[in-house]
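Please read the following briefing on helix packing and strand pairing alongside the sequence and the model.

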Amino acid sequence: RVMASTAMASKAGLVMGGRAPRPMRCPTRAVATSASRRAGYASTSCSATATSRLDVPDAEEDDEDEDEPANREPTPAELDAEARVLLQWPELSAQVRAFTATTLGYRSCDPVLALGVDFEDSQRLLDETSGAAALRESGSFPREVFVGTRDIRPWVLGATRGRVLSGASLADIATTVNAGNVVWRAICGSTVEQKDEKTETLASLKRLAIPLTLLDTALEPEIGRCVTVPGGNVKDEASDLLGKIREERRLCEQELRTLLLEKANYLARKNFAERAQVVSRLGRECIPMKAGSQSEMEGVVLGVSGTGATVFKEPIEATPLNNRLMELGAEEEAEVELILKRLTSLVMGRDEGKGLLDATEALARIDLANARAEHSEWLSGCAPTLFEVSHAGATNNVQSLSGATNASPGSNSTVFLPGMQHPLLLQPRLTKLPRGGEVGKDEEVAGWDDATGPSASTAGDDALDDSEEDESSRVQTRAEARDVVPVDFNPPSETRLVAITGPNTGGKTASLKALGLFLLMARAGLHLPTDATKQARVPWTSRVLADLGDAQSLALDGGLSTFSAHLTRLRRILAAAADTADSVVVLLDEPGGGTDPAEGAALAVAVLKASASRAALTVATSHYEEVKAMAVGNADEVLSVSETETGVDTDEITRDLSSKHAAPFPGAANAAVEFDTKTLRPTYRLLWGVSGESNALAVARGLGLEDSLADAAERRWRRSRGASGAEQGAGDGKSVAGEDLADLAVALKKERDVQQVRAIQAATALSRTRDLHADVLSRGAARLNLRTSLAVEAAFERGVKGATVAKATLVAVDTREALDSVADLLMPDGWMLDVHTGDAVPGRQRRRRNKRPASVDLKESRDDNGVSFDSFDSFDDDTVAWLPRVGAKVTVRRMGYAEAEVVELDASAGEVVVRMGSITTRAPLTGVSPVMGKK
């Protein structure tokens, strides 16, 4: 399995580098420091190979950082590792990884390419790369020399623990030993003319391959004699006894097969079996028969099919032969075990397998050197001159990268990168990256017969599918990729601080990242994509500390703003630079940004001075004039070199910088990103000795900002410059004031027009609102009148109908008592006759009666109130007032006797709340009456 600590950086690096991650299985867990876990990888040298990673047993647990405080300060090593992620070192490592030929080389730079631990180590890596490049140039070192290479370290380490290697593992060892011999012959048999600088580079590569010559010459032939290569099956010729056993077994199998086929044919003809067939059950040959027919043949039942329709039976004649086959199988297994033990002992040799481990490690390093050389061919890279920078150890006693005091810009101890092009920017333009780690990707996982043994890593991963990219845009060489602009990084002598200024989107940060990445590439032994006509020179630095991008944190507990995050990181970088004994390079992107410009500029100057006094080289991007003014003391020297190329007026630059009232800082230099004033676009070239303007307004126009906004911004900018006295003449103040009045007049006119339009719109809206209100009122009144008229008509019809029924009923009455009884029955529910006036009024007169009136239908047993007629035997003149129920229908006099629904009843107040349609109102109880026929 892969280290959990490397998963994040490995995945990001593989994706950005043109490779998609694929799960890998590793026999044992790798160990890394807490710093490497946070950064995503461990910064080890190439000499610390995977052999040490395999020596840690699975049972061990790395708990070294469990007790660490959550908010502790990062160490300098951790800041260095984080800077590599910012500089996209994992992505560049993925480029190199794509050129590896074997899984050994692939894993050597997975997740990232190792850096040299010191100057000598980096120089050795660089020599190995140059040597491999020289061999590839002569055509004697193709990828095919690594065919057959496998990662045999798990097998060898397992054998040291007493495990017996399987035939497949032995076959892998044989092919690896053969590949080592081929690689050694390719290196030593090279026809490259070893003269001058090539002598040492080839000698370094040969020293790397020395372990390949120390292998036992009899190992590969003996394994090949006993085991099939590739494959791993033990041959009959491995021993005489094994040959005899297998010969007897073949004869026995042939005799048994003949016997069983005869029996099967007989059973099939007799319909005791579906077909003539011989199968194997429980390791013994038998015949499938139909269920119920097994008694037709003597023998032993070995099993029954899942459906129960077939019985597997061994004939009694075949029992001795099957027994002998099982005996021979056991004898063969024992003999094969003895052969594998003997070959395992031969693999171990006298040195307990150390020679094989060293040879495997050498193959991995040679493959990695070849990958670096092929990466150099792909980039058209050049070998840089690596030089060491001394460090006295004191904070203020640091030798600059420029070397001696009287060193010139072309001195051999000055960092010099002519025409550098960022490798990650070149990747989409150059030919597609190959698929790395192809040799050995199908190697066996189980290295020995014991299933619990370690397993090898899965080889390689699939390349990122970029088939959608336009192939016509790709070129064969770096020189044809003209859209990736070369940048010259050649600071003058005695430079310890470089301020890169210029327009936004002009390439300042890209130049900063390219410098940091080139420093790491040189330390890892990689060739650099620089101008081939000039020799690049790069210092060896133990650490590259960088603050790039936005480090804002939104955590609820201890979250940092953009400015706070930058300031915290700057503080840590300065502390790490002071604590590092070796040379350090510090890269800062816009220090002092994210706050008040005046305070930010002062902070940036202070930070840059402190960093320049502690680090060998500090490079920063900035827009602050105070930062530009730090290099005014060196302007004359630098401009004398670049004035003829750029056409810059030295006196004008000096006057402008001097106006900032900032004291120059010794060892500071300015570099500006060029801006084309004709096209209003940056050219992405770096001009030394010039402090560039930000040109934010021109860049905004070029990016498509509206002209009106850009014009307004430009006028405001000019006014601010005029107010601060930055304009050329005093008379310009009047013109600026005139421009202000004109702008104010235009703004007022626009505001007046806007207010007039708004007034017209408001008047129109008010008129429409009034019309709508009148329309609503008229429609509501018409609807109310209609409902009232309908209610009156309905009440009139009911009254006419009731009067007709009452008249007919009264005609049939002949006595006064009967008349009163009938009148009481004919009154609507909730009405009664006034005894004084004889009019119908709301209320109820309850009469107790002991007999049913003759005029009442005999079918009716109860009155309208549900009271039985038979329950009364006398009369009572008590009058009970009528009260409507909630939800009942009533007629309202004040609403023209319209029907309404009772919503609420307030008997104590003598009022009722009624609702008719959308209208709800109050009415006195005396003003409402029940609707006839409705309770």
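The crossing of α9 and α11 is left-handed, a crossing being called so if the near helix is turned anticlockwise from the far one by less than a right angle, and right-handed if clockwise. This is a predicted model, in which local features need pLDDT of at least 70 and side-chain atom pairs count only at pLDDT 80 or more, while totals for chains, interfaces and linings use all residues. Residues are numbered from 1 along each chain as its sequence is written, and side-chain values use heavy atoms, with hydrogens and water left out.

**Helices α9 and α11**
- The contact (heavy atoms within 4.5 Å) involves L170, A171, I173, A174, V177, N178 and N181 of α9 together with L219, E220 and I223 of α11.
- Helix α9 (residues 167-188) packs against helix α11 (residues 219-226) at an angle of about 140 degrees, the axes lying 9 Å apart; axes are lines fitted to C-alpha atoms, for helices over the stretch in contact, and angles run from 0 to 180 degrees between N-to-C directions.

**Helices α17 and α18**
- Helix α17 (residues 562-579) and helix α18 (residues 597-614) have axes that come within 9 Å and cross at roughly 20 degrees.
- α17 passes α18 in a left-handed crossing, with F563, L567 and L570 of α17 and L603 and V607 of α18 among the residues in contact.

**Strands β3 and β4**
- Strand β3 (residues 299-304) runs antiparallel to strand β4 (residues 310-315), and five bridges join them; two strands pair if DSSP finds at least two bridges between them.
- V300 has E314 of β4 as its bridge partner.
- In the hairpin of β3 and β4, five residues lie between the strands, and G308 in the turn has a positive phi of about 80 degrees.

Technical notes: Helices (H or I, at least four residues) and strands (E, at least two) are DSSP runs, numbered from the N terminus.
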